[in-house]
Amino acid sequence: MQDAAHGALAPDAILTVDHLTMRFGGLTAVDDVSFSVRDRSITSIIGPNGAGKTTVFNCLTGFYKPTIGRLALRHGGAVHLLERMEGFRICKEARVARTFQNIRLFGAMTVLENLMVAQHNRLMVASGFSLLGLFGAASFRAAERAAIDKARFWLDRVGLTDRADWEAGNLPYGDQRRLEIARAMCTDPALLCLDEPAAGLNPRESASLNDLLRTIRDSHGIAVLLIEHDMSVVMEISDHIIVLDYGRKIASGSPENVRNDPAVIRAYLGEEEALPPEIAADLEGGR
Amino acid sequence: MEYFVQQLINGLTLGAIYALIAIGYTMVYGIIGMINFAHGEIYMIGAFLAVIAFTGLGIIGLTWVPAAIIVVLLIAMFFTAAYGWTVERIAYRPLRGSHRLAPLISAIGMSIFLQNYVQIAQGAKIKPLPPVVQGNIPLMESASGFTVSISYLQLIIILLTVGLMLGFTYLIQRTSLGRSQRACEQDLKMASLLGVDVDRTISLTFVMGAALAAVAGVMITMYYGVIDFFIGFLAGVKAFTAAVLGGIGSLPGAMLGGLLIGLIEAFWSAYFSVEYKDVATFVILVVVLIFRPTGLLGRPEVEKV
């Protein structure tokens, strides 16, 4: 089953993308791409620069309204059509979280506060839209404590506990990347979308990133959708890989299949072109 | 010396009122980067609601002063907040995402509209309010017989303002609403990706700013005893000056700026000339904008290259 990626064929899919097309004027950034993400799996989207990977993410998280296509997310017996949802509902109701290639933390807030903002919705309900919070109601304090516990759990996981009170903007680069993942996890996602989480990490850091992503998949049962250029990450942890080139899906399958797919090799390394005969003759003669 | 202390008390009272208004400017600027020029009018509406509510309470016979003040405050805060919410909803939200100038012009239009609306609905004549709180506490007396005193009303204004500021700071720093407001301030789009309802957060910011302006309106009505439909303009511009002086976008800055503007006005009137007190305030606006555009407590915006 080479193309298990196609929606209808994958019954345990949490995300099904059908015929996604995104045009900007005359430019087609994503062209009729279909794939699905299975529950409790790590799916990677790879491809050369400009292949449309981030555009797919932007469609999933409400930055762009797709020109054509259906983005269906299923969990808890409900189907959420992401292309029709407003920005904040994608996180609140469909439970999709994402991180960015260029990190977008709240730089002037502390590490802990960044994680608390991600738990905003639960806290708002518990605190009676903060009115009860003003009067120090018990339900508010209990919810606040629970939120701090959750934040602490993820800080432990990403190794930032001793920096909880730092301003996020002052953290070193690698820490900021991990904090962004922790913050996304604090929203309680069903699907976690990571845009180049290994960019700029050293080999040791990207190895620990691999461990973190495996934990998220295995212990928390969360589906991860990953854009990544670092093949040491992609090939090692992906259950399924989708390859885009010029906005089209050119291959998909297990890491092993994709690695040996001639279309993929062509996209990355270019076509082997035959030299014009006279030049070939010159080269031969010169030798 | 006695004269100085008396002016200090007067200046603090005035400063407290400016600070309450300035918070509305600074919070709205912080979250959506626009100057809400209709905010002065929101304050003016708060003042009118105070007159209406006091009159109404007089008619139904609620004359116990502490209860009357609390009821009037609640009524004024509620209705003024509704005005603040409505202004945002119809004049600013539809323009979000358009050019920066569009909501600014819309705000000026809203300001003119509200002024004229109150002028037509309430008449152009000044509205008097008989003194509600009378009496004062003498503090010290000079050899020449000049008595320094703080009136009960001044005491109420200062204490109420301090209380509101503390509560407000707590709200912004410690509750989840405040956290999401600060998050929206830094990155609206990212906040919405974390599930924060950005539109509602912005609406609540307007509601909170308007409620504080209403308190200022009620207090000024009781303090001066007369209001008209035009008081919002000058008070609004002065509170805006206070917000800029403290550093626009900074909450403690707005409080500090408000106090400083109040003190400067009081001392300028006392030692130089009453006629030029507004000039003194606005000279400060110009000087701050030229030499320290980030204000006293504002953060400079660092553009990363």
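Predicted model: local features only at pLDDT ≥ 70, side-chain atom pairs only at ≥ 80, totals over all residues.
Residues are numbered from 1 along each chain as its sequence is written, chains are lettered from A and ligands numbered from 1 in the order in which they are written, and side-chain values use heavy atoms, with hydrogens and water left out.

Let's start where the chains meet. On the chain B side, 25 residues are in contact with 33 residues of chain A, contact being heavy atoms within 4.5 Å. Together the two chains bury about 2600 Å², and carbon and sulfur atoms give 59% of that; buried area here is the accessible area, with a 1.4 Å probe, that two parts lose on being put together, summed over both. Within chain B, the residues losing the most area to chain A are B:Arg179, B:Leu193 and B:Leu194, together 26% of what that side buries.

Now the polar side of the interface. Seven residue pairs are in polar contact across it, both residues at pLDDT 80 or more. A polar contact is a pair of N or O atoms within 3.5 Å; within protein, one must be able to donate a hydrogen and the other to accept it, and residues adjacent in sequence count only if both atoms are side-chain atoms.

In one salt bridge, B:Asp187 pairs with A:Arg104 at 2.9 Å, N to O.

On to the cysteines. How many disulfides does the whole structure hold? Zero, over all chains, with a disulfide taken as a pair of cysteine sulfur atoms within 2.5 Å. For A:Cys59, the nearest cysteine sulfur belongs to A:Cys193, 12 Å away. A:Cys59 is buried at 1% relative accessible area; the cut-offs are under 20% for buried, over 50% for exposed and partly exposed in between, with a 1.4 Å probe and protein chains only. B:Cys184 is in no disulfide either, its nearest cysteine sulfur being that of A:Cys91 at 13 Å, and B:Cys184 is buried, with a relative accessible area of 1%.

Finally, salt bridges over all chains, of which there are 26. A:Asp188 and A:Arg122 meet at 3.9 Å, N to O. That pair links distant parts of the chain, 66 residues apart: A:Asp188 sits in the loop between helix 7 and strand 7, and A:Arg122 in helix 4. A:Asp188 is partly exposed at 34%, as is A:Arg122 at 42%.

In chain B, B:Lys238 and B:Glu265 form a salt bridge at 3.2 Å, N to O, joining helix 9 to helix 10 across 27 residues. Here B:Lys238 is buried at 2%, and B:Glu265 is buried at 3%.

How values were computed: Salt bridge = Lys/Arg side-chain N within 4 Å of Asp/Glu carboxyl O. Helix = DSSP H or I, 4+ residues; strand = E, 2+ residues; numbered from the N terminus.
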